[in-house]
Amino acid sequence: MASPNYFEQISNTMALEAPPVVATRPLGTSLVHFAQMSSLRDDHGMLPTPVDDAFLLTVEMMALPAVNVWVNGRHQLKSAQPVGNFTLVNLNVETVLEMNMPFDSVELYIPRSVLNSVAAEQGIPEITALDVDFLTSTEDPVVCSLAHCLLPAFASPERASRLFMDHVAMAALSHLTQNYAGFPVPRRVARGGLAPWQAKRAKDILSAHICGDISIEELAGQCGLSRSHFARAFRKSTGKPPHRWLMELRLARARDLLVNSTLSLGEIAERCGFVDQSHFTRSFSAAMGVVPSAWRRLRRS
């Protein structure tokens, strides 16, 4: 990992306020960083990207015009970027961009070592490059959806759920290796779910960490499994990934407290592991179709 991290370096170069950054370690190896980079200025000038053994995936939250770039000193034109499309920079290559425009993007800094750990799990060779043309943009609804999932985490990076961030990171990394590494991914034979003791231990640990302050790596270790085996087995046993199972547990506890206590919505949000009351309200409304206060009134009437 670069120190200071990649996004701090870029912000310093562009004289920007440090962006909200969330770090996760989905495979127990190098850190993966997520950030939301934005600016309303149009005078950033020439931006050299720090050279590192990593990739930078950028999903545009606002459209960008065509820009001049220099790759290994050679001038080229980078095409206009529509909203929702992504570009990929190989940070092993010296790249300079002319950034004289406002921008807003969700970015994922991926050390090559992390991507190759995912490749090894999937049974494909080490990755030297991904089949994505830096000079154009790629429309990919999976990558776009994952980027939008991250937006709430940037509001309070210090309170972002480790379990959820691990899940998003692994989803993004697996998608990139399966679709852009240029190797066929061997078909996996379906495996069984967790043993009863493993399922109980995993659920007990999740219940004790209702805020999500635990990683997939730690859960898998408690069950004596690899991270990838645990994730598949947990989903087979419960029908959902760990972060979704945990969200349903939070909502179940919240419903109980709404009916059987006089706690305020803010107090219920805190006890049930939500970031804050607005996060609780959004999650509850999405699941139940009604805000918590209205649901409480209906159940007590």
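How many cavities of 30 Å³ or more does the count come to by this rule? I got 2 cavities.

**Ground rules.** I am working on a predicted model, where local features need pLDDT of at least 70, side-chain atom pairs count only at pLDDT 80 or more, and totals for chains, interfaces and linings use all residues. I number residues from 1 along each chain as its sequence is written, and side-chain values use heavy atoms, with hydrogens and water left out.

My rule for a cavity is a set of points on a 1 Å grid over the protein atoms alone, where a 1.4 Å probe fits but cannot get out; lining residues have an atom within 4 Å of a point. Grid points are joined across faces, edges and corners, and a volume is the space filled by probe spheres set on the points.

**Largest cavity.** I read a volume of about 310 Å³. The lining has 24 residues, and Leu 47, Thr 58, Leu 97, Met 99 and Glu 107 lie nearest the centre. I then listed the elements that give two or more residues to this lining: α1 (6-13), β4, β7 (86-90) and β9. Helices (H or I, at least four residues) and strands (E, at least two) are DSSP runs, numbered from the N terminus. Strand β9 gives the largest share, 4 residues.

I sorted the lining into 14 nonpolar, 6 polar and 4 charged residues. Here Ala, Val, Leu, Ile, Met, Phe, Trp, Tyr, Cys and Pro count as nonpolar, Asp, Glu, Lys and Arg as charged, and the others, Gly among them, as polar.

**Second largest cavity.** This one has a volume of about 120 Å³. I found 14 lining residues, with Leu 57, Leu 108, Val 143, Leu 146 and Ala 172 nearest the centre. Two or more residues each come from β4, β9, α3 (141-155) and α4.

**Strand β9.** I turned to β9 (residues 103-111), where 9 of 9 residues are buried. Buried means under 20% relative accessible area, exposed over 50%, partly exposed in between (1.4 Å probe, protein chains only). Phe 103, Ser 105, Glu 107, Tyr 109 and Pro 111 point one way, while Asp 104, Val 106, Leu 108 and Ile 110 point the other way.

Which strands pair with β9? I count two strands as paired if DSSP finds at least two bridges between them. Strand β2 (residues 32-39) runs antiparallel to β9, with 7 bridges. Ala 35 stands opposite Glu 107 there. Strand β4 (residues 54-60) also pairs with β9 in the antiparallel sense, over 7 bridges. In that pairing Leu 56 faces Tyr 109.

**Leu 31.** I located Leu 31 in the loop between β1 (21-24) and β2. Is Leu 31 buried or exposed? Leu 31 is buried, at a relative accessible area of 17%. I also checked Leu 31 against Pro 111: they are 80 residues apart in sequence, but 7.5 Å apart in space, C-alpha to C-alpha.

**Open sheet.** I traced 4 strands in the order β3-β8-β5-β6, with antiparallel pairing. Strands β3 (46-48) and β6 (74-78) stand at the edges with a single partner each, so one side of each has no neighbour in the sheet. Between β3 and β8 (residues 95-98) I found 3 bridges. Met 46 has Glu 98 as its bridge partner in β8.

**Helix α4.** Last, I looked at α4 (residues 162-180), which has 19 residues. Its first and last C-alpha are 26 Å apart, close to the expected 27 Å. The expected span is 1.5 Å times one less than the number of residues. Gly 182 follows α4, with a positive phi near 85 degrees.

How values were computed
On a 1 Å grid over the protein atoms alone, a cavity is a set of points where a 1.4 Å probe fits but cannot get out, and a pocket is an open set with protein on both sides within 12 Å along at least five of seven lines; lining residues have an atom within 4 Å of a point.
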